[in-house]
Amino acid sequence: MPTSKSTDLQNTTAQHQAEADTLWQAFKQSNAEAFEALVNQFYPVLLNYGQRLVRDKDFAQDCLQDFFIDLWNRRERLDDVQSVQAYLFLAYRRRLFREKERSTWYKFATELNDDFDFEGQFNIETYLIDNEVEHENLKKLQHHINSLSKRQREAIYLRFNQAL
């Protein structure tokens, strides 16, 4: 019996979460290989996310490297988390904001607040091109997305593109 794409996606997501949970527990026990696996798994998506928030690749990369160093240094004091991915995204986001505020060489750049530009990529077209009704829905959906605040667009990006 063939499985649906939705079921496959849920199973894959659950497998990734279980793997991340296992790595998290081993990392907290000072397992350097588990930490390396976490870094390898989450570094690319966190860097992409950081670049979207601050639009400065070097700054986002520096903050991410410092974030992982601090994570390693605090590993024994970290609590268990429900979602490793959600924790890493939120903690990295906070780190970016804190470092941007603290950074003197960066203080003349635009401030991060609820009015910052967040450019998420919404690949809705691939789901709605099968027929004319779906095409109409795409137009309506795009209109509504454009009417959302930048903060709301960010939340949608995290929910649907990063499975948070």
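Helices here are DSSP runs of H or I with at least four residues, numbered from the N terminus. This is a predicted model, in which local features need pLDDT of at least 70 and side-chain atom pairs count only at pLDDT 80 or more, while totals for chains, interfaces and linings use all residues. Residues are numbered from 1 along each chain as its sequence is written, and side-chain values use heavy atoms, with hydrogens and water left out.

**Stop one: helix H7**

Start by selecting residues 150–161, which make up H7. This helix of 12 residues reaches 16 Å from its first C-alpha to its last, close to the 16 Å expected (1.5 Å times one less than the number of residues). Now colour Arg 153, Glu 154, Tyr 157 and Leu 158, which are buried (under 20% relative accessible area with a 1.4 Å probe, protein chains only; exposed is over 50%, and partly exposed lies in between). Look down the axis of H7: the buried residues fall within an arc of 140 degrees, so they line one face of the helix (the arc is taken from the directions from the helix axis to the C-beta atoms). An α-helix has 3.6 residues a turn, so residues three or four places apart point the same way. Just after H7, click on Ala 163 to find a positive phi of about 55 degrees.

**Stop two: the aromatic rings**

Next, show the rings of Phe, Tyr and Trp. The whole structure has 10 aromatic pairs (ring centres within 6.5 Å, using the six-membered ring of Trp; planes under 30 degrees apart are stacked, over 60 edge-to-face, and the rest tilted). Select Trp 24 and Tyr 87: their centres are 5.4 Å apart and their planes at 65 degrees, so this pair is edge-to-face. Trp 24 lies in H1 and Tyr 87 in H4, 63 residues apart. Trp 24 counts as buried at 1% relative accessibility, whereas Tyr 87, at 24%, counts as partly exposed.

Move on to Phe 35 and Trp 72, whose centres are 5.1 Å apart with planes at 50 degrees, so the pair is tilted. Phe 35 belongs to H2 and Trp 72 to H3.

**Stop three: Phe 68**

Which residues does Phe 68 contact, leaving aside neighbours within four places in sequence? Select Phe 35, Val 39, Tyr 43 and Leu 46 to see them (contact means heavy atoms within 4.5 Å).

Methods. Helices (H or I, at least four residues) and strands (E, at least two) are DSSP runs, numbered from the N terminus.
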